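Trainee: I have a structure open and would like to go through it. Can we start with the outside and work inwards?

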Amino acid sequence: MGELNKLLALPLNEGDYALAAAELGMKVGLPEPFSHGAWFQSLTATFSGV
C-alpha cells in the first residue's frame, strides 16, 4: 500500500502510469472502463477497504 500511495503522489500522466504498470509486470489489459491512473486509485480503495 505504501508503494502504491507513493506512486499516486507523484505528478504522473497516463503514459507514466502505463509505464509503471508495465514495469510492475502487468501483462493483461485493464478492466473496462479504467485508465491506468484510475485503476491504481481503485486498487488503493480496494486494499484499504473503502
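**Surface, fold and pocket**

Mentor: The accessible surface of the protein comes to about 3600 Å², and 61% of that belongs to carbon and sulfur atoms. Accessible areas come from the Shrake-Rupley method with a 1.4 Å probe, and for residues only the protein chains shown count as cover. This is a predicted model, where local features need pLDDT of at least 70 and side-chain atom pairs count only at pLDDT 80 or more, while totals for chains, interfaces and linings use all residues. Residues are numbered from 1 along each chain as its sequence is written, and side-chain values use heavy atoms, with hydrogens and water left out.

Trainee: How many helices and strands are there in the protein?

Mentor: Three helices and zero strands. The pattern along the sequence is α-α-α. Helices (H or I, at least four residues) and strands (E, at least two) are DSSP runs, numbered from the N terminus.

Trainee: What radius of gyration does the protein have, and why does that agree with a compact globule?

Mentor: The protein has 10 Å, which agrees because a compact globule with 50 residues would have a radius of gyration near 10 Å. The radius is taken over C-alpha atoms, and the globule rule is 2.2 Å times the number of residues to the power 0.38. Along the principal axes, the C-alpha atoms fill a box of roughly 25 × 25 × 15 Å.

Trainee: What share of the residues count as buried?

Mentor: Of the 50 residues, 20%. Buried means under 20% relative accessible area, exposed over 50%, and partly exposed in between (1.4 Å probe, protein chains only).

Trainee: Take Thr44. Is Thr44 buried or exposed?

Mentor: Thr44 counts as buried because its relative accessibility is 13%. Thr44 sits in helix α3. Not counting residues up to four places away in sequence, Thr44 touches Met1, Leu4, Asn5 and Leu8. A contact means heavy atoms within 4.5 Å.

Trainee: And Ala9, buried or exposed?

Mentor: Ala9 is at 64% relative accessibility, so Ala9 counts as exposed. Ala9 is in helix α1.

Trainee: New topic. Which residues does the cis peptide bond join?

Mentor: Glu32 and Pro33, with omega about 0°. Pro33 lies in the loop between α2 (14–23) and α3. With a relative accessible area of 74%, Pro33 is exposed. Pro33 and Thr44 are 11 residues apart along the chain, and their C-alpha atoms are separated by 17 Å.

Trainee: Now the largest pocket. Which residues line the largest pocket?

Mentor: Glu3, Leu4, Leu7, Ala21, Leu24, Met26, Trp39, Phe40 and Leu43. By class, the lining has eight nonpolar, no polar and one charged residues. Ala, Val, Leu, Ile, Met, Phe, Trp, Tyr, Cys and Pro count as nonpolar, Asp, Glu, Lys and Arg as charged, and the others, Gly among them, as polar.

Trainee: What counts as a pocket?

Mentor: On a 1 Å grid over the protein atoms alone, a pocket is an open set of points where a 1.4 Å probe fits, with protein on both sides within 12 Å along at least five of seven lines; lining residues have an atom within 4 Å of a point.

Trainee: Which helices each supply at least two residues of that lining?

Mentor: α1 (2–9) and α3 (36–48). Leu24, one of the lining residues, is in the loop between α2 and α3. Leu24 is exposed, with a relative accessible area of 66%.
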